[in-house]
Amino acid sequence: MKIEFPKTFFWGAASSATQAEGREREDGKGENIWDYASKEYNHRFYDGVTTENTSYFYRDYEQDIQKMQDISFNSFRTSISWSRLIPKGTGAVNPKAVEFYNKMIDKLLEKGIEPFINLYHFDMPMELQNQGGFENREVVAAYKEYAKTCFELFGDRVKYWFTFNEPMIPAEAGYLHDRHYPYVVDFKRAASVLHNIIVAHCEAVQIYREMKLPGKIGIIMDVIPVYPRSQNPADLHAAEMADLFYTKSVNDAILKGKYPAKLKEVLIKYDQLPEISATDITLISETSIDLLGINYYRPRRVKAKECLPNPEGVFSPEWFFDEYVMPGRRMNTSRGIEIYPKGIYDIAKKIQTEYGNIDWFVSENGIGIEGEEAFIEEGIVQDQYRIDFLKEHLTYLKKAMEEGSNCLGYHMWTFVDCWSWGNAYKNRYGFYRLELETGEKSVKKSGLWFKELVQQNGFD
Ligand code: BG6
């Protein structure tokens with residue numbers, strides 16, 4: 001059976017500035033939280049690798065874009081580095097950065113690759129983090145200015161803009177779960193950061209609309225579909241709460257224009273509601289997007305809490321559910337997460353039924369593998385597992401599209417093996433392998449398969 005996609009389908013991959021550009025601080029780039037944390041908290045980074053050690057997209061972008069064309073990408077997402085463009089976060093624009101992003105965008109267009117540009121991929125300029133990052137409303141205003149600058153500089157050519165990648169993550173990982181700088185563990189502060197990010201998103205969308213530029217604007221969400229252990233009411237309640245905190249909180253605000261009433265109720269009960277003004281509520285209700293990106297990696301299986309939470313401990317969504325290890329589940333052991341291709345179909349159905357069947361695309365999906373060098377044969381990574389992973393997810397995606405889902409494209413994470421937040425180069429995700437010692441990039445079997453997929457607009 002042939003699985004076929006529409007002729008206009010977007011095929012490509014996603015990446016981000018901090019994870020690929022490298023040349024940290026070169027040509028006037030300012031420091032961001034990752035440049036800082038990967039040095040000052042080096043022990044938190046796999047093998048102690050810092051943001052200096054990337055695939056050097058800043059230097060090699062021309063050859064890299066050629067490599068994208070070699071495997072038939074028709075689109076590519078990356079982000080602009082705020083601290084490269086505006087080194088202190090506010091004020092003077094760095095001319096070398098403008099030159100780089102102009103050349104990068106022009107080169108993509110010249111090669112027939114549609115640039116999808118994201119404004120923020122976890123990388124707060126250090127100067128602004130020192131002023132409180134997204135906890136500080138002045139930083140929200142600085143973000144708005146930064147967004148406006150990007151639209152002015154590149155909005156004539158970039159037709160697909162995204163305000164944030166995974167808005168939940170800087171809040172959750174940076175202010176609750178001790179994974180991202182500033183390594184704070186405090187739910188109320190995390191909630192306040194999340195709210196301010198949502199406001200910053202709305203401000204950027206509003207300014208984009210005012211500028212009447214000829215493109216679309218949206219946001220990229222990480223959606224983890226939740227599955228209860230059973231249909232027993234306690235398990236169902238656990239699933240409802242996990243979904244409420246980690247998905248509906250952001251999705252409803254962005255796509256329905258309001259926070260879920262139940263969330264407010266719970267946060268008031270536990271005295272965790274951050275300050276939210278009436279003006280913010282109006283702004284959120286008046287902002288809508290054109291295109292939604294969904295990053296999908298894994299499902300979340302949950303069961304009813306076994307022990308009551310420690311009332312002295314830090315309040316967290318995990319007070320309401322336990323993770324459930326489903327017997328027989330299929331794992332990606334490198335990353336310790338379940339592989340569940342049907343999740344992509346379930347997300348598509350939810351967008352269709354709950355969120356007005358908005359235009360969307362898969363903005364990230366992928367499989368990170370540790371020790372991929374073991375799969376090198378005849379000079380090429382024989383990553384048949386990645387091809388199988390792709391096929392299975394695409395088959396479910398196609399099924400959802402046949403049932404009416406408005407999915408416009410599929411971007412794999414990622415193009416070349418990239419540096420990642422904490423894991424650095426432990427898990428490899430790319431269509432191209434990166435040799436860390438030499439900087440050499442070589443196509444993997446999956447990259448060659450992807451080329452055929454795009455050329456045929458499908459697979460057997
Ligand atoms: C996504 C992020 O959530 O996951 C990427 O948008 C990240 O930036 C990817 O690299 C994979 O995560 P990790 O930690 O395995 O590299």
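The legends below describe close-up views of a predicted model.

Residues are numbered from 1 along each chain as its sequence is written. Because the model is predicted, local features are taken only where pLDDT is at least 70 and side-chain atom pairs only at pLDDT 80 or more, whereas totals for chains, interfaces and linings use all residues.

**View A. The shell of residues around the ligand.** Of the 14 residues around the ligand, those that come nearest are Asn165, Gly368, Ser420, Asn423 and Asn427, a residue being near a molecule or strand if its C-beta atom, placed from the backbone, lies within 6 Å of it. The shell divides into two nonpolar, eight polar and four charged residues, where Ala, Val, Leu, Ile, Met, Phe, Trp, Tyr, Cys and Pro count as nonpolar, Asp, Glu, Lys and Arg as charged, and the others, Gly among them, as polar.

View B. Helix α5 covers residues 95-110, and its 16 residues reach 22 Å from the first C-alpha to the last, close to the 22 Å expected at 1.5 Å a residue; the expected span is 1.5 Å times one less than the number of residues. Helices (H or I, at least four residues) and strands (E, at least two) are DSSP runs, numbered from the N terminus. Ala97, Phe100, Tyr101, Met104 and Leu108 are the buried residues of α5, and, seen down the axis of the helix, they fall within an arc of 90°, so they line one face of α5; the arc is that of the directions from the helix axis to the C-beta atoms. A residue is buried if 20 or more other C-beta atoms lie within 10 Å of its own, exposed if 12 or fewer, and partly exposed in between, with C-beta atoms placed from the backbone. Pro95, Glu99 and Glu110 are exposed on the other side of α5. The cover over the buried residues of α5 includes α3 (57-70), β3 (75-79), α4 (82-85), β4 (114-118) and α7 (137-154), two residues being in contact if their C-beta atoms, placed from the backbone, lie within 7 Å. Just after α5, Gly112 takes a positive phi of about 75°.

**View C. Strand β17 and its parallel partners.** Six of the seven residues of strand β17 (residues 407-413) are buried. Strand β2 (residues 10-14) runs parallel to β17 and is joined to it by five bridges, with Phe10 opposite Gly409; two strands pair if DSSP finds at least two bridges between them. Strand β13 (residues 360-364) also pairs with β17 in the parallel sense, over two bridges, and here Val362 stands opposite Tyr410.

View D. Strand β5 (residues 160-165) is mostly covered, with six of its six residues buried. Three bridges link β4 to β5 in the parallel sense, and Tyr160 in β5 is the bridge partner of Phe116. Strand β6 (residues 216-222) runs parallel to β5 and is joined to it by four bridges, Lys216 in β6 standing opposite Tyr160.

**View E. Helix α9.** The 25 residues of helix α9 (residues 187-211) should span 36 Å at 1.5 Å a residue, which agrees with the 36 Å between its end C-alpha atoms.
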